[in-house]
Amino acid sequence: MTAQTSRRRGRPPRAESADTRDRILAAARAQFSERGYEKTSVRGIAKAAGVDPALVHHYFGTKEQVFEAAIEDSVAPAISAADSVADGPLDGVGERLTRFFFGVWENPATRTSLLAVVRSAVNNETAAAVFRHLVAAQLLRRIAGELDAPDAELRAELAAAQLVGTAMLRYVIKVEPLASAEPEQIVARLAPVVQLHLTGS
């Protein structure tokens, strides 16, 4: 038995494993973004990644677990950087949050994952749960924790509704002229409204 044959039958080298995992995640993000959660299958992800479906199950398990990994692997690092939103005076938190939110959407590296979540969350509870975890648990609660108000969580959620609704129209439904507007123009229009939700009386 040659060394090459032995390696083929054993566990793949670490570098090869990492490359395969990354290809599966990239294919999953593209499939979920284009087709939504319900219409995406493990078999379709495997075909797009150029691997056997058994490898998808090997690395991630179920379709739900593939979805969570694909989304969080891409979006969570950006969401985790949201501490900077809560830092600073409260009278500027609306602009910081709005600028941060659309900065993530305008970044091609994270937009595909966000599209996958938003398109899927509308009609699938699994996707909705992932969306709640990323947005509510990791971002909104940080903002709410800085607000000196008894209804801080409601305020943060209303601000998020303003931002997510705009993102839906701009990036998913692509309503014009919103879809083609400059990001700075959107930030300038939305930031005062978000600020009002967060700190207004």
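Colleague: What share of the 201 residues of the protein counts as buried?

Modeller: In this predicted model, 43% of the 201 residues count as buried. The label applies to a residue with under 20% relative accessible area.

Colleague: How many helices and how many strands are there in the protein?

Modeller: The protein has eleven helices and zero strands. Its pattern along the sequence is accordingly written α-α-α-α-α-α-α-α-α-α-α.

Colleague: Which residues touch the most other members of the largest nonpolar core?

Modeller: They are Leu 97, Phe 102, Trp 105, Leu 163 and Leu 198, in a core of 28 residues. At least two residues of this core come from each of α7 (93–106), α8 (108–121), α9 (125–146), α10 (152–172) and α11 (183–199). There is also a second, separate core, which has 24 residues, including Ile 24, Ala 46, Phe 60 and Val 130.

Colleague: What does Leu 163 touch, not counting residues up to four places away in sequence?

Modeller: Leu 163 touches Leu 97, Thr 98, Phe 101, Phe 102, Leu 190 and Val 194.

Colleague: Why is Thr 166 called buried?

Modeller: Thr 166 lies in helix α10. Its relative accessibility is 10%, and buried means under 20%; Thr 166 therefore counts as buried. Beyond its neighbours within four places in sequence, Thr 166 is in contact with Phe 102, Leu 178, Ile 186 and Leu 190.

Colleague: Why is Lys 174 called exposed?

Modeller: Lys 174 has a relative accessible area of 54%. Exposed means over 50%, so Lys 174 is exposed. This residue is found in the loop between α10 and α11. Phi of Lys 174 is near 60 degrees, which is a positive value in a residue other than glycine.

Colleague: Which residues does a cis peptide bond join, and what is omega there?

Modeller: The cis peptide bond joins Glu 176 and Pro 177, with omega about 10 degrees. Pro 177 has its place in the loop between α10 and α11.

Colleague: How do you know that the span of α8 is close to the one expected?

Modeller: Helix α8 has 14 residues and reaches 20 Å from its first C-alpha to its last. The expected value, at 1.5 Å a residue, is 20 Å.

Colleague: Why is Thr 110 called buried?

Modeller: Thr 110 lies in helix α8. Its relative accessibility is 5%, to be set against the cut-off of under 20%; Thr 110 therefore counts as buried. The C-alpha atoms of Thr 110 and Glu 72 are separated by 10.0 Å, although these residues are 38 residues apart along the chain.

Colleague: What makes the pair of Asp 19 and Arg 23 a salt bridge?

Modeller: Their closest N and O atoms are 3.3 Å apart. A salt bridge asks for such atoms within 4 Å, so the pair qualifies. Because they are four residues apart in helix α2, Asp 19 and Arg 23 are separated by about one helical turn. Asp 19, at 41% relative accessibility, counts as partly exposed, and Arg 23, at 33%, is partly exposed.

Colleague: How do you know that Glu 106 forms a salt bridge with Arg 111?

Modeller: The closest N and O atoms of Glu 106 and Arg 111 are 3.8 Å apart. The limit is within 4 Å, so this pair is counted as a salt bridge.

Colleague: Is Arg 155 buried or exposed?

Modeller: Arg 155 is buried, because its relative accessible area is 15% and the label requires under 20%. Its side chain meets that of Asp 151 in a salt bridge (3.0 Å, N to O). Asp 151 is partly exposed, with a relative accessible area of 30%. Elsewhere, salt bridges that share partners join Glu 95, Arg 99 and Glu 184 into one network. A search of the whole structure finds six salt bridges.

Key:
Residues numbered from 1 in each chain as written. Predicted model: local features only at pLDDT ≥ 70, side-chain atom pairs only at ≥ 80, totals over all residues. Heavy atoms only, no water. Core = buried A, V, L, I, M, F, W, Y, C linked by side-chain atoms within 4.5 Å. Buried < 20%, exposed > 50% of the residue type's maximum accessible area, 1.4 Å probe, protein only. Contact = heavy atoms within 4.5 Å. Expected span 1.5 Å × (residues − 1).
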